[in-house]
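User: Could you walk me through this one? I'd like to talk about charged pairs and the chain contacts.
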Amino acid sequence: MKSEKKIALPGERIAVIEEFMPYSGSYPYAYEEDGNIYSSVVGIVRKDLSKRLIAVEPVPKCTRLPTYNDVVYGQVMSVIKDTVAVTKILGKEGGTRYEVTVTGLLHISQVSETVIRSIYDAVRIGDYIRAKVISRHGPPYLLTIKGRDLGVILAFCPFCHQPLRRHGTLLQCRNCRLSFKRKISAMYLV
Amino acid sequence: MKKSPPVPLITPDGKRCDGRAFDELRPIELEVGVLKNADGSAMIRQGKNIIVAAVYGPRELHPKHLALPDRAVLRCRYHMAPFSVYGERKSPAPTRREIELSKVIREALEPAIFLELFPRCAIDVYIEVLQADGGTRCASIVAASLALADAGIPLRDLVAAVAVGKVQGHIVLDINHLEDEYGEGDMPVAMMPTRGVITLFQADGVWTPDEIKYALELARKGIMKIYELQKEALRKKYEKVIEEVEVGV
């Protein structure tokens with residue numbers, strides 16, 4: 001895409017509909033009204049002259065809500081009917097941290113390719129997970145932990161609250177000599 | 001009967017109490033991104049008015065029963081600092097007037113924001129009046145719309161606002177505290193300037209239809225001037241940011 005040096009401001013007309021189509025990404029930063037295309041944010045105008053698309057890339061650096069395919073980190077807060085883990089999303093991969101957390105839902109069907117009986121075989125309350133967003137709208141955002149790098153990245157012993165260590169396909173507490181079943185991410189921390 | 005003003009509101013040579021012409025704005029300074037902790041912020045100095053606006057969001061709304069399934073909730077808080085007014089200290093608790101102005105400002109900003117893009121979310125606008133000298137609701141709207149743009153929230157247009165007043169039979173632009181208190185009427189107007197859509201229109205006092213027509217035209221001219229200043233303030237901050245990005249690449 002070709003970019004212009006000039007910045008577009010909210011409400012500024014950047015093209016007419018005969019010239020370009022507004023590119024519809026996750027948010028319509030360029031939008032059409034009455035045959036004119038306007039910018040809705042402060043941003044850099046990008047034009048694709050072969051596809052006749054026009055987009056505005058926003059400049060303000062601020063926390064943005066997760067979008068489709070974002071990798072997020074969260075903590076499991078509660079479980080509904082053994083099938084859905086309610087997760088608070090703490091941040092996005094790449095450095096975004098949410099001061100006010102966002103709700104994510106992890107359904108039992110999005111844990112692994114094989115059938116599991118209860119979501120407690122994959123995550124437990126208090127676990128930190130690395131997940132991917134599979135919904136386009138939210139909150140609440142739908143999450144998946146299918147995949148090698150996704151799943152529990154940190155869990156604690158329910159009895160002594162020490163971090164559990166990875167032991168083969170299980171998590172183990174060295175203090176209490178107990179093993180726990182989880183859907184462990186390849187990026188498990190300890 | 002109202003007391004007479006401490007200084008003549010209109011001088012014999014056809015000027016106003018602060019030396020302005022009838023269709024002259026107070027000097028306006030706008031600055032974007034003044035606060036570090038907010039997602040977006042802006043400050044306005046309009047004559048003696050000093051107002052800071054901060055925007056947070058869009059973020060998840062709690063408690064959830066307040067959330068709307070099809071759009072975001074815009075929440076506005078207009079607040080005057082205890083030291084903001086002349087004379088006796090203002091109580092820091094929200095007064096009836098502040099609650100009403102919060103609603104009025106919210107309704108002036110709502111049509112400009114793409115709220116339908118953020119269902120079940122909230123956008124918070126906090127407006128703090130540090131020093132008040134008449135026309136604070138309009139100045140607050142100007143600062144709040146800049147703060148919204150600074151937070152990267154999609155807007156149909158910026159919102160600019162100005163108050164027109166009637167002082168000793170003359171229609172004057174951008175009234176100050178004295179003209180507001182001792183004048184015969186005031187009319188705050190907010191607009192989305194490129195569309196010409198009015199988002200706030202209030203009036204008190206007695207106005208004839210011709211006076212309203214003239215006052216609206218005067219307000220529109222003032223709003224276009226403020227709109228240019230708003231654009232300049234945004235460009236001033238973001239042209240610097242873009243240069244940094246391009247040097248980095």
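Analyst: A word on terms to begin with: buried means under 20% relative accessible area, exposed over 50%, and partly exposed in between, with a 1.4 Å probe and protein chains only. This is a predicted model, in which local features need pLDDT of at least 70 and side-chain atom pairs count only at pLDDT 80 or more, while totals for chains, interfaces and linings use all residues. Residues are numbered from 1 along each chain as its sequence is written, chains are lettered from A and ligands numbered from 1 in the order in which they are written, and side-chain values use heavy atoms, with hydrogens and water left out.

User: How many salt bridges are there over all chains?
Analyst: The structure holds 27, where a salt bridge is a side-chain nitrogen of Lys or Arg within 4 Å of a carboxyl oxygen of Asp or Glu.

User: And how many of those cross the interface of chain B and chain A?
Analyst: The rule finds two salt bridges there; one of them pairs B:Arg235 with A:Glu12 at 3.6 Å, N to O. B:Arg235 lies in helix H4 (residues 209–248) of chain B and A:Glu12 in the loop between strands E1 (2–8) and E2 (13–16) of chain A, so the pair joins two chains; helices (H or I, at least four residues) and strands (E, at least two) are DSSP runs, numbered from the N terminus.

User: Is A:Glu12 buried or exposed?
Analyst: A:Glu12 counts as buried, at 14% relative accessibility, whereas B:Arg235 is partly exposed at 26%.

User: What does B:Lys237 pair with?
Analyst: B:Lys237 forms a salt bridge with B:Asp150, at 3.0 Å from N to O. B:Asp150 sits in helix H2 (residues 136–150) and B:Lys237 in helix H4, both of chain B, so the pair ties together parts that are 87 residues apart in sequence. B:Asp150 is buried at 4% relative accessibility, and B:Lys237 is partly exposed at 28%.

User: Switching topic, how many residues of chain B are in contact with chain A?
Analyst: In chain B, 32 residues are in contact (heavy atoms within 4.5 Å) with 31 residues of chain A. About 2600 Å² is buried between the two chains, 61% of it from carbon and sulfur atoms; buried area is the accessible area (1.4 Å probe) that two parts lose on being put together, summed over both.

User: Which residues of chain B lose the most area to chain A?
Analyst: Those are B:Glu60, B:Arg195 and B:Ile242, which together give 21% of what that side buries.
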